[in-house]
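Trainee: Could we go through this model together, beginning with the strands and then turning to the side chains?

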Amino acid sequence: MKILDFDVPMRALLTLSLLPVLSCGALAGTALAAEHYVATTGNDAASGTQSAPYKTIAKGIGASNAGDTVWVRGGTYSGSVFFTKSGAAGSTLTVSAYPGELPIIDGGGSGGSGISSSSATYMKFVGLAVRNFGSSAFSNGWVNDTGTS
């Protein structure tokens, strides 16, 4: 009497049976990307959720990590946005307009840049309008040998 009637080698069966266990172990150490929300009516002391958004884009970026998305609700945000947070290779930090809305960063004719960082890398900006800055909309500055930008 045959108990097993497979043409699959035992090593292959063992590999297939361990696959779910190994997959769960690999996921246990993996952090899931978070979503943060910013709105003109928000508060930087809030939790950054959709129902309790931050007020400034800089706060949303500062609360984020590589792989996260900062959703910016429509409206006009005054002044420039400066940040130092970065994404990582294969895990960009995304700052995006909330679907169907247009966030506008308005400099009011001031000098400088609308969105800038002297050190950030692996960032992606989607659907933001930047206007009325004397220098540029986006700037990725440099740090000189004295450590200032």
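**Sheet, rings and core**

Mentor: E35 stands opposite T69 in β2. Strands here are DSSP runs of E with at least two residues, helices are runs of H or I with at least four residues, and both are numbered from the N terminus. Please note that this is a predicted model, in which local features need pLDDT of at least 70 and side-chain atom pairs count only at pLDDT 80 or more, while totals for chains, interfaces and linings use all residues. Residues are numbered from 1 along each chain as its sequence is written, and side-chain values use heavy atoms, with hydrogens and water left out.

Trainee: In what sense do β1 and β2 pair, and over how many bridges?

Mentor: β1 and β2 pair in the parallel sense, over 4 bridges. Two strands count as paired if DSSP finds at least two bridges between them.

Trainee: What is the strand order of the open sheet?

Mentor: The open sheet has 4 strands in the order β1-β2-β5-β8, with parallel pairing. β1 (35-38) and β8 stand at the edges with a single partner strand each, so one side of each is left without a neighbour in the sheet. On average, neighbouring strands of this sheet are turned by 15 degrees against each other, direction ignored; the axes are lines fitted to C-alpha atoms, for helices over the stretch in contact, and angles run from 0 to 180 degrees between N-to-C directions.

Trainee: Back to T69: is this residue buried or exposed?

Mentor: T69 counts as buried, at 17% relative accessibility. Buried means under 20% relative accessible area, exposed over 50%, and partly exposed in between (1.4 Å probe, protein chains only).

Trainee: And what does T69 touch?

Mentor: Not counting residues up to four places away in sequence, T69 touches A34, E35, H36 and T94. Contact means heavy atoms within 4.5 Å.

Trainee: Changing topic, how many aromatic pairs does the structure hold?

Mentor: The structure holds 3 aromatic pairs. Rings of Phe, Tyr and Trp (its six-membered ring) pair if their centres lie within 6.5 Å; planes under 30 degrees apart count as stacked, over 60 as edge-to-face and the rest as tilted. W71 and Y98 are edge-to-face, because their ring centres are 6.4 Å apart and their planes are at 80 degrees. W71 lies in strand β2 and Y98 in the loop between β5 and β6 (103-110), so this pair ties together parts that are 27 residues apart in sequence.

Trainee: What kind of pair do F83 and F125 form?

Mentor: F83 and F125 form a tilted pair, with 5.9 Å centre to centre and 50 degrees between the planes. F83 is in the loop between β4 (81-82) and β5, and F125 is in strand β8 (residues 123-126), 42 residues apart. F83 is buried, with a relative accessible area of 7%, whereas F125 counts as partly exposed at 25% relative accessibility.

Trainee: Which residues do ring pairs link into a cluster?

Mentor: Y37, W71 and Y98 are linked into a cluster by ring pairs.

Trainee: Finally, how many residues has the largest nonpolar core?

Mentor: The largest nonpolar core has 16 residues, and I57, V72, V81 and V95 have the most contacts inside it. Such a core is a set of buried Ala, Val, Leu, Ile, Met, Phe, Trp, Tyr and Cys residues joined through side-chain atoms within 4.5 Å. The elements giving two or more residues to this core are α2 (57-62), β2 (69-72) and β5 (93-97).
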